[in-house]
Amino acid sequence: MKNTLRVERAIKNITQADLAEAIGVSRQTINTIESNKYVPSTVLALKIARVFGKPVEAIFELEDGD
Amino acid sequence: MALPGFVLGYMVVYNDYKIPGFGMQLREQSQLFLPAYENFTNELALTLVVGGLVFIAFSKQKIEDELTANIRLNALYWAILANYAMYAMFLITAAINNVLQLRLIENAIEAIAGGFTFMTYNLFTPLVIFMARFYYLLYKRNDEYEIKTIRFLPNKPYRLIGQTLSVAFAVMIIAQSIKREDITWLFYTLPLPMLIWVFSKEKQEDEYIGAIRLDAMQLSVYANYIILLIANFAFYSTDFLFVMAFNFVTIPAIFLIVFHYRLYKIRKSDVASAKSNLNLL
């Protein structure tokens, strides 16, 4: 699974730490998700999408082979 | 709490240290294996070590989220595997030694596991390995966590091998102990087929079953240490040797029971909901 988290953050101009605090996780967790190493739970994905005011599919996308 | 425990434990095991006066008269007269006077120094040391390590291992991170929780359970599963891999290596060296009687290996075994020290180590090595692994995954990189998935053995043929051998060993142990024959070696090898069982996939292994696995493993480790601490105070001297030997199988045994019970419950409710869907149509 890939995501556009980094781009969305740039558009909204918030840091990883800001995002982490908004959804109550650690900054390293955000970073691990951004580098496509961790697939967040549905709850976490929905929370992230809510911060950016977009549907989940606009941020997270299935890749070939998932 | 763990540190003074380790120091005290080290003194008990290697220097046969006893806190003066920290004991009591348990029986009127000494019998073989049942000494009248029991010193509690070793019980105290074990309680401190295990208690301290459990607190360190299972206290939350400053920011505990789903990923750190996930890494924690992953590290735990990995630690159990690593612990028993070490144990298997130890058994194999001991077996080779039995056949060849090499002086060198014998000395090595004496050094790391003279007498019952290996059994004593096994009481807390899973926790130590777990902590090393957990903090390695968390702090290896500065900025992100290290994600490592656990590998499992394929369902075929390992599940069947593990189950057959575990049951066969268990039956043999019960049969032989009824006949009062020596079961030591059988008992020491029993955890290994059980581990194959624990680490073989379900026919349809998915994300949810993976989550149940991790959950069951955490529960079995908790249960194991609760049992150990209770046993620590309930059994002394020779009796505690049985507890230590028993401790080799408690984690895989509790895991298998919890894991399969959960799966059974899910499958039962699954059948029910499948039926109700048909009814709705």
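Biologist: Where in chain A is Asn36(A) found?

Modeller: Please bear in mind from the outset that this is a predicted model. Asn36(A) is found in the loop between H3 and helix H4 (42–52) of chain A. The phi angle of Asn36(A) is near 60°, which is a positive value in a residue other than glycine.

Asn13(A) lies in the loop between helix H1 (5–12) and helix H2 (16–23) of chain A. With 7 C-beta neighbours inside 10 Å, Asn13(A) is counted as exposed.

Along the sequence of chain A, the elements follow the pattern β-α-α-α-α-α-β. The radius of gyration of chain A is 11 Å, close to the 11 Å that the globule rule gives for 66 residues, so chain A is as compact as a globular protein of that length. Its C-alpha atoms fill a box of roughly 30 × 20 × 20 Å along the principal axes. Of the 66 residues in chain A, 24% count as buried. If one takes the contacts in chain A between residues at least 6 apart in sequence, 56% of them join residues at least 24 apart.

The contact between the chains takes 12 residues from chain A and 9 residues from chain B. On the side of chain A, the largest share comes from helix H3 (residues 27–34), with 4 residues. The residues on that side divide into 3 nonpolar, 8 polar and 1 charged. For the complex, the predictor gives an ipTM of 0.79 and a pTM of 0.75.

The partner may now be described. Chain B comprises 11 helices and 2 strands, arranged along the sequence as α-β-β-α-α-α-α-α-α-α-α-α-α. Buried residues make up 23% of its 281 residues. Among contacts in chain B with a separation of 6 or more, 77% are between residues 24 or more positions apart.

The domain assignment of chain B gives domain 1 (1–57) and domain 2 (62–151). In the contact between them, 8 residues of domain 1 meet 8 residues of domain 2. Helix H2 (residues 41–57) of chain B supplies the largest share of the domain 1 side, 7 residues. The residues on that side are 8 nonpolar, no polar and no charged.

Helix H9 (residues 191–198) is mostly covered, with 7 of its 8 residues buried; among them are Leu192(B), Met194(B) and Trp197(B). In helix H10, the buried residues include Arg213(B), Met217(B), Val221(B) and Tyr225(B). Helix H10 (residues 207–234) of chain B has 28 residues, which at 1.5 Å a residue should span 40 Å; its end C-alpha atoms are 40 Å apart, which agrees.

Asn155(B) is found in helix H7 (residues 155–178) of chain B. It counts as partly exposed because it has 14 C-beta neighbours inside 10 Å. Apart from residues up to four places away in sequence, Asn155(B) touches Ser200(B), Lys201(B), Glu202(B) and Lys203(B). The C-alpha atoms of Asn155(B) and Gln204(B) are separated by 8.8 Å, although these residues are 49 residues apart along the chain.

A final remark concerns confidence. Chain B averages a pLDDT of 74, and 73% of the residues score at least 70. Within chain B, confidence is highest in helix H6 (residues 125–139), at 86, and lowest in strand E1 (residues 23–25), at a mean of 46. Over residues 21–37 of chain B, pLDDT stays under 50, and the model has 21 contacts beyond four places in sequence for this stretch.

Notes:
Residues numbered from 1 in each chain as written. Chains lettered and ligands numbered in written order. Predicted model: local features only at pLDDT ≥ 70, side-chain atom pairs only at ≥ 80, totals over all residues. Rg over C-alpha atoms; globule rule 2.2 N^0.38 Å. Buried ≥ 20, exposed ≤ 12 C-beta atoms within 10 Å, placed from the backbone. Contact = placed C-beta atoms within 7 Å. Nonpolar A, V, L, I, M, F, W, Y, C, P; charged D, E, K, R; others polar. Expected span 1.5 Å × (residues − 1). Domains from an automatic or database assignment. pLDDT = per-residue confidence, 0-100.
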